[in-house]
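Hi,

Here is the model I promised to pass on.

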2 protein chains.
Amino acid sequence: MKKSFFYLTLALIGLGMLAASCSSKDESNATAAVSAADATINTIMQRKSVRSYTDSTIAPELMESMLRAAVAAPSGMDVRPWHIVVVTDKSKYDELFAGNFNMEKFKQSAAVVIFCADTTVTRPPREDPNAPAVTSPNPIWRDDMGACTENFLLAAEAYGLGAVWTACYPFHDRMDPVANYLKLPSNIVPYSIVPVGYPNGEFEPKDKWDTTRIHYEMF
Amino acid sequence: MKKSFFYLTLALIGLGMLAASCSSKDESNATAAVSAADATINTIMQRKSVRSYTDSTIAPELMESMLRAAVAAPSGMDVRPWHIVVVTDKSKYDELFAGNFNMEKFKQSAAVVIFCADTTVTRPPREDPNAPAVTSPNPIWRDDMGACTENFLLAAEAYGLGAVWTACYPFHDRMDPVANYLKLPSNIVPYSIVPVGYPNGEFEPKDKWDTTRIHYEMF
């Protein structure tokens, strides 16, 4: 009887712990559901400019995921003006980035990603691969490129990488060496340059919330 | 003896289930850790243009969270050119959006968010509130505004809302009625217009991955 009482107690403790565990699992699932949105918001709020990187390289599948995120950006009239060049050969940086003044961040980074834009309208061939491309100046290619660069930066932040948006267009002292080195056609312009790598140190995002910039109904 | 064997079995089953539950909890925690990044990537990949909305309104704290995400965008030289106007008074839309051709999406939406830009450099006063503002043409305000608009769209997607980037700048037929109605100073231009609301229907993101747009080391 003593023995069976012991086993009964053991069974009850086991079942009690199981019940507690199940209940805490439910809470954890509920938290996970909420934090799908929160995780995105958190990434956006935590994104910061990182200009110093460790020696670690970036796994190719991580880089591809970030590039996929970049080209998932919205594009006016679905033109998708982007061409993205990923460069890791540091021996070329002095020539490629002759127009930029902070070479140190480029040389430290695992990769430098150059976001270029086709400034002429070219409908994506997938819509009708046999149709001739419709080409004319695109007045809003720059806006697509901003979203494309930001998507990449957010994906980098999500993966624990550090990156920094470096303006290229419309500064010809920065654009020309890049265009010359990459032999870009005249309708393709280098828009932004993003070094990316694992952060060397701790970096904090800026708090940019300012209610004087937010207006309701009227400016 | 039979009874104690029964309790022993019960205890073992209980402990076995507990162990299984703990192990599955560990897996679930591991999944949750991975999916903080995955959730962000998923939001970026799932963002789509939504032009039809239900009658549901947007909770003010959700709108504020999206606006906070918008102004967390990177900004060249930390200028933060954005001014954001949230409009919900549909009786003004015919005048305000006289230059836009798809009024239906605006009238259906819970709110129309107008992203404006101060095109002159104004250092944030928080850095030195007593210093005079440094004002001059800012050659890269447009890039900040692209990132700002994209952050808002991603936050909307994260919250299960639908939105669509509607170009305003540099089209004067769209910009002028907005600027006139809002009485914008000449250095503030309406850049993009984003109607937002709960999606009316199912919408799918486009697959924009195209390896011909991705280059390694050379264009």
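**A tryptophan in a loop**

A:Trp165 sits in the loop between strand 3 (162–163) and strand 4 of chain A; helices (H or I, at least four residues) and strands (E, at least two) are DSSP runs, numbered from the N terminus. Before I go on, this is a predicted model: local features need pLDDT of at least 70, side-chain atom pairs count only at pLDDT 80 or more, and totals for chains, interfaces and linings use all residues. Residues are numbered from 1 along each chain as its sequence is written, while chains are lettered from A and ligands numbered from 1 in the order in which they are written.

Is A:Trp165 buried or exposed? A:Trp165 is buried because 25 other C-beta atoms lie within 10 Å (buried takes 20 or more other C-beta atoms within 10 Å of the residue's own, exposed 12 or fewer, partly exposed is in between, and C-beta atoms are placed from the backbone). Leaving out residues up to four places away in sequence, A:Trp165 touches A:Thr149, A:Leu153, A:Ser192, A:Val194 and B:Pro74, where contact means C-beta atoms, placed from the backbone, within 7 Å.

Where are the cis peptide bonds? One joins A:Tyr169 and A:Pro170, with omega about 5°, and A:Pro170 lies in the loop between strand 4 (166–167) and helix 6 (172–182) of chain A. In chain B, the bond from B:Tyr169 to B:Pro170 is cis, with omega near 5°; B:Pro170 is in the loop between strand 4 (166–167) and helix 6 (172–182) of chain B.

Then there is positive phi outside glycine. B:Met77 has phi near 60° and lies in the loop between helix 2 and strand 1 (82–87) of chain B. B:Met77 counts as exposed, because it has 12 other C-beta atoms within 10 Å. B:Glu217, not a glycine either, has phi of about 70° and is found in the segment after strand 6 (214–216) of chain B. With 11 C-beta neighbours inside 10 Å, B:Glu217 is exposed too.

**A helix pair**

Helix 2 (residues 60–70) and helix 5 (residues 141–158) of chain B pack at about 145°, with their axes 7 Å apart. Axes are lines fitted to C-alpha atoms, for helices over the stretch in contact, and angles run from 0 to 180 degrees between N-to-C directions. Helix 2 of chain B contributes B:Ser65, B:Met66, B:Ala69 and B:Ala70 to the contact, and helix 5 of chain B contributes B:Cys148, B:Asn151, B:Phe152, B:Ala155 and B:Ala156.

Cheers

Note on methods
Contact = placed C-beta atoms within 7 Å.
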